[in-house]
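Subject: Structure handover

Dear colleague,

I am passing on the structure we spoke about, and it is placed just below. Please look it over before reading the notes that come after it.

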Amino acid sequence: VGTVHTYAVLHLDRDGRPLEAPEVVAYVQIDGTDGGLVTRLLDVDHDRVAIGLPVEAVLLPARERRGAITDIQGFRPRRGGTP
């Protein structure tokens, strides 16, 4: 679990082509640590994201996990958080 520290709404892909829908990339400060990660925000409207939003990790299905950082698909608003 963590908190959105900062974020950006992306309207173009890496090649400069318009995305079908905006995507949100955020720096998530991990609770109880001095660190965090840059990750995608999932299950949230791009116009409702805010600094301070409490979030939780979304993991790959258990059978697909490898015990690596890549097991995290992104983060979504925590239940009780304000999406």
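What follows covers the strands, the pocket and the salt bridges, in that order.

Please keep in mind throughout that this is a predicted model.

To begin with the strands, β1 (2-12) and β2 (18-30) pair in the antiparallel sense over nine bridges, and within that pairing Leu10 has Glu23 of β2 as its bridge partner. The hairpin they form has five residues between the strands, and Gly16 takes a positive phi near 85° there. On to the next pairing: β2 also runs antiparallel to β3 (residues 36-41), with six bridges joining the two, and Gln29 stands opposite Gly36 in β3. The hairpin of β2 and β3 likewise has five residues between the strands, with Gly32 taking a positive phi near 80°.

The largest pocket holds about 170 Å³ of space, and its lining consists of Leu10, Leu12, Asp13, Arg14, Leu19, Glu23, Val25 and Arg40. While β1 and β2 each supply at least two of the lining residues, β2 gives the most, with three. Sorted by class, the lining has four nonpolar and four charged residues, and no polar ones.

As for the charged side chains, the structure holds five salt bridges. One of them joins Arg78 to Asp31 at 3.1 Å, N to O; because Arg78 lies in the segment after β5 (72-77) and Asp31 in the loop between β2 and β3, this pair ties together parts that are 47 residues apart in sequence. Arg78 counts as partly exposed, at 24% relative accessibility, and Asp31 is partly exposed as well, with a relative accessible area of 35%.

Glu56 takes part in two of the contacts I would like you to look at, with Arg76 and with Arg79. In the salt bridge with Arg76 the closest N and O atoms are 2.9 Å apart, and since Arg76 lies in strand β5 and Glu56 in strand β4 (residues 54-59), the pair ties together parts that are 20 residues apart in sequence. Arg76 is partly exposed at 27% relative accessibility, whereas Glu56 counts as buried at 17%. The side chains of Arg79 and Glu56 meet at 3.4 Å, N to O, and this pair links the segment after β5 with strand β4, 23 residues apart; Arg79 itself is exposed, at 72% relative accessibility.

With best wishes

Definitions and conventions: Residues numbered from 1 in each chain as written. Predicted model: local features only at pLDDT ≥ 70, side-chain atom pairs only at ≥ 80, totals over all residues. Heavy atoms only, no water. 1 Å grid on protein atoms, 1.4 Å probe; cavity = no way out; pocket = protein on both sides within 12 Å on 5 of 7 lines; lining within 4 Å. Points joined across faces, edges and corners; volume = space filled by probe spheres on them. Helix = DSSP H or I, 4+ residues; strand = E, 2+ residues; numbered from the N terminus. Nonpolar A, V, L, I, M, F, W, Y, C, P; charged D, E, K, R; others polar. Pairing = 2+ DSSP bridges. Salt bridge = Lys/Arg side-chain N within 4 Å of Asp/Glu carboxyl O. Buried < 20%, exposed > 50% of the residue type's maximum accessible area, 1.4 Å probe, protein only.
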